[in-house]
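Okay, thanks for coming, everyone. Let me put the structure up and then walk you through a few parts of it.

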Amino acid sequence: MESILTEELILEDLIRASHHCFGLKVIESIPIKRGWLNLKWKVTTESGQFLLKQYNKERFKLYNPEDLKFAFSQQVRLNNQGLECPNLLSHDESILLESGKGELFIVMEYCQGNLISPGKANVHQVYNLGRATGKMHRLLNDGTLGLKDTPQFVPPNREERLEHWISVLKKVKEAGKIELLDDVETQLKATEEMIIEKFELLSFGWAHCDLWVDNILFDDNRLTAILDFDRLKYDYPQLDVARAVMSCALDEDYFDVSIASAFIKGYSEERTVVDGYLTNSLQFLWYMESPWWINANMDQHSVPPARFAKEMIWLANNHKNLSALLGNI
C-alpha cells in the first residue's frame with residue numbers, strides 16, 4: 001500500500017531532489033497556501049528565490065502528462081520572449097521531475113508581486129495585463145505551434161443547453177432549494193434569448209485557459225507575472241480576454257467599464273480588436289462556464305466557485321445591455 005507523506009516530509013524530499021538536480025541549497029522555505037491539492041513553497045537559496053510546486057497524485061490524474069509538459073515548454077518559450085511569467089528550471093531536458101520518494105514537482109523562478117481580490121484591480125494594472133495577454137496570444141499563435149481542427153470547448157447547440165437548464169431546475173426543485181430558482185431561471189431565459197449563432201464566427205487559437213486574478217501578480221501599478229499555464233490549450237483566445245476582464249472588472253454587482261476599457265486598450269496594442277470584441281467574448285464565456293458554476297449545489301460553493309457563479313449570474317442578467325454598457329468594445 002502506497003504511503004502518504006506529510007507536507008513536511010514532502011518538502012524535505014523536494015529540497016533533497018532540488019539540491020540533486022540544481023545544486024540548490026535551501027536557507028528558508030515558506031508554504032504558499034493557494035490552489036487545490038497541489039503544494040507550493042517559496043524557497044530562499046544561496047542562488048536566489050524559487051518556487052517549488054508539488055503535483056498532488058490524485059489531482060495529477062486529471063492531467064494529460066504530455067499536455068502538461070507541452071504547457072511547460074510554452075511557458076519557457078514565452079518567458080524567453082519577454083512575457084511576464086516565471087521561468088521553469090529543467091534537468092536533463094525535463095521540467096516535470098520526480099523526487100526520490102516519487103513526488104512529481106517543478107522548480108520555477110519566484111516572481112515578486114501581489115495577488116489582488118476579484119474586482120479590485122486598478123486601470124494601470126489592467127492595462128498592463130491587457131498588453132501582456134495580447135503579447136501572449138500573439139506569440140502563442142505566431143505559427144510555431146500550428147493549428148488544430150477543433151478547439152477544447154465545442155459549444156453545444158441551444159436545444160442541448162436548454163435541456164441542461166431544465167434538468168438543473170428540476171434538481172433544484174426536488175432539493176427544495178427555492179432560493180436558487182431565480183438564478184437558474186435567469187440562465188434558462190438568457191439561453192433562450194442569446195444569439196448563439198454568432199459564436200461560430202469566433203477564432204480558434206492557443207490560449208492560457210485559466211486567466212483570472214488568482215493566477216496574476218501585480219505591484220501597485222503594473223503586472224509582474226502571469227502564472228499557472230497548466231491548462232494551456234488550443235481553444236478560443238477571446239475566452240482568456242473575457243475571463244481576465246470579468247475577474248478584474250466585476251466588484252460585487254458593479255461592473256467597472258473603465259477597467260474593461262483599460263484591458264482592451266492594452267490588448268489592442270498587440271492584437272487586432274474589432275467592434276463588439278469584448279461583448280462577444282463575455283457572452284461566450286458565459287455560454288461556456290455557466291453550467292460549471294450554476295447548479296443545484298451552488299449554495300455549497302467554496303469561495304472561488306461562488307465568485308464564478310456570481311459572474312455568470314451577472315452576465316446572464318446583463319446580456320441584453322452588455323454592448324451598450326461597454327460602448328461596443
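Predicted model: local features only at pLDDT ≥ 70, side-chain atom pairs only at ≥ 80, totals over all residues.

Let's start with helix 7, residues 237–249, which packs against helix 9 at an angle of about 90°, the two axes lying 8 Å apart. That angle makes helix 7 roughly perpendicular to helix 9. Which residues do the touching? On the helix 7 side the contact is made by Gln238, Leu239, Val241, Ala242, Arg243, Val245 and Met246. From helix 9 you have Tyr277, Leu278, Asn280, Ser281, Leu282, Phe284, Leu285, Met288 and Glu289. If you sort the residues of that contact by kind, you get eleven nonpolar, three polar and two charged. And if you wonder about the two numbers I began with, packed helices are described by the angle between their axes and the distance between those axes.

Which residues of helix 6 are buried? They are Leu181, Val184, Thr186, Gln187, Leu188, Ala190 and Thr191. Helix 6 itself covers residues 181–193, so 13 residues. From its first C-alpha to its last it reaches 18 Å, close to the 18 Å expected at 1.5 Å a residue.

Now over to the strands. Strand 2, residues 39–45, has six of its seven residues buried, so it is largely enclosed by the rest of the structure. Strand 1 pairs with strand 2 in the antiparallel sense, over five bridges. One example there is valine 26, whose bridge partner in strand 2 is threonine 45. Strand 2 also pairs with strand 3, again antiparallel, over seven bridges, and here lysine 42 has leucine 51 of strand 3 as its bridge partner.

Keep going and strand 3, residues 48–55, is joined to strand 5, residues 104–109, by six bridges, with the two running antiparallel. Leucine 52 is bridged to valine 107 of strand 5. Strand 5 also has strand 4, residues 97–98, joined to it antiparallel by two bridges, and glutamate 98 stands opposite leucine 104 in strand 5. Strands 4 and 5 form a hairpin with five residues between them, and glycine 102 in that turn has a positive phi of about 85°.

On the subject of phi, most residues other than glycine have a negative one. Aspartate 92, with a positive phi of about 55°, is in the loop between helix 3 (65–80) and strand 4. Is aspartate 92 buried or exposed? Its relative accessibility is 65%, so aspartate 92 counts as exposed. Then there's cysteine 209, with a positive phi of about 75°, in the loop between strand 6 (205–207) and strand 7 (216–218). At 27% relative accessibility, cysteine 209 counts as partly exposed.

One last stop: glycine 23, in the loop between helix 1 (7–22) and strand 1 (26–31). Glycine 23 is partly exposed, at 37% relative accessibility.

Definitions and conventions. Residues numbered from 1 in each chain as written. Heavy atoms only, no water. Pairing = 2+ DSSP bridges. Helix = DSSP H or I, 4+ residues; strand = E, 2+ residues; numbered from the N terminus. Expected span 1.5 Å × (residues − 1). Buried < 20%, exposed > 50% of the residue type's maximum accessible area, 1.4 Å probe, protein only. Axes fitted to C-alpha atoms, helices over the stretch in contact; angles between N-to-C directions. Parallel < 35°, antiparallel > 145°, perpendicular 65-115°, else oblique. Contact = heavy atoms within 4.5 Å. Nonpolar A, V, L, I, M, F, W, Y, C, P; charged D, E, K, R; others polar.
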